[in-house]
Amino acid sequence: MNDRFHSRSLPTTIRYAAICGIAMLALLVVPCASQAQRAYFVDGYHGGIYGHYPVEWKTQFMVDKLAEHPEWRICLEIEPETWDTVKLRTPAAYDNFRKIATDKRVEFTNPAYAQPYCYNISGESIIRQFQYGIRSIRRHFPGVDFTTYSVEEPCFTSSLPQILSQFGFKYAVLKCPNTCWGGYTAPYGGELVNWIGPDGTSILTVPRYACEELEENSVWQTTAWGNSSEYLDACFAAGITRRRLCRRTSASRSMAPCP
């Protein structure tokens, strides 16, 4: 990636507000065992009709679990075309989800039509991925906003700050600690950076932390994938006091909230 990172220096109150706005970061507060610090765990689902989204039960499952756990917030990275099939095959569940799709506890974090690995397709194709995907989601759920770009797999490229900003995104997250087989961003800095694209557009971003290393004997998982106490301690030692832990489980699994 040929983009640049600039450290972000903000007053504590402003930084905290920005952090809490990124990808529903105050989802699950996990106290660190050895320090009186907090870690913010991003929970949610990844998949779609062509991958792993069990249409017959998944939509109503999310509705039920959100009702059962009022404190739960989820990030959804579901292929937009999935909702066409959900509406056709489980109309009652679709209607129930449609009522809560704009709830502040639900955020659509990757509206790209086919969830592409953006570094191996053209700029025009990337734009169309977002254009078609956003249009499809809003056709099903009018009023949905797209604030934070966050993905399960390495769907990144250097032009994204400009493209995301033009589509109204305010934040990005460069973490995919469990899917590094397709590549991963270079480790850089601490809590927040300005991700700057080739045209000079910047977007406030949670980076892959410099202390986030590959797991031993692994080339596709980093130490962040399991949210271990060792990883939390490494973040604290690096001066990262408000750690963001990102993991989406496959939509085919019946975990809610994610343990």
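Is T82 buried or exposed in this predicted model? T82 is buried, at a relative accessible area of 0%. Here buried means under 20% relative accessible area and exposed over 50%, with a 1.4 Å probe and protein chains only. T82 lies in helix α3, residues 82–89. Beyond its neighbours within four places in sequence, T82 contacts G48, I49 and Y53 (heavy atoms within 4.5 Å).

Residues are numbered from 1 along each chain as its sequence is written. In this predicted model, local features need pLDDT of at least 70, side-chain atom pairs count only at pLDDT 80 or more, and totals for chains, interfaces and linings use all residues, while side-chain values use heavy atoms, without hydrogens and water.

Helix α5 spans residues 123–140. Helices (H or I, at least four residues) and strands (E, at least two) are DSSP runs, numbered from the N terminus. The 18 residues of α5 reach 26 Å from first C-alpha to last, close to the 26 Å expected at 1.5 Å a residue (1.5 Å times one less than the number of residues). Buried residues of α5 include I126, F130, I134 and I137. The buried residues fall within an arc of 165° seen down the axis, so they line one face of the helix; the arc uses directions from the helix axis to the C-beta atoms. On the other side, E124, R135 and R139 are exposed. Cover for the buried residues includes α3 and α4.

Strand β9 (residues 193–196) is covered on both faces. V193 and W195 are buried on one side, N194 and I196 on the other. Four bridges join β9 to antiparallel β10 (residues 202–206); pairing requires at least two DSSP bridges. I196 stands opposite S202. Five residues separate the strands of this hairpin, and G200 in the turn has a positive phi of about 100°.
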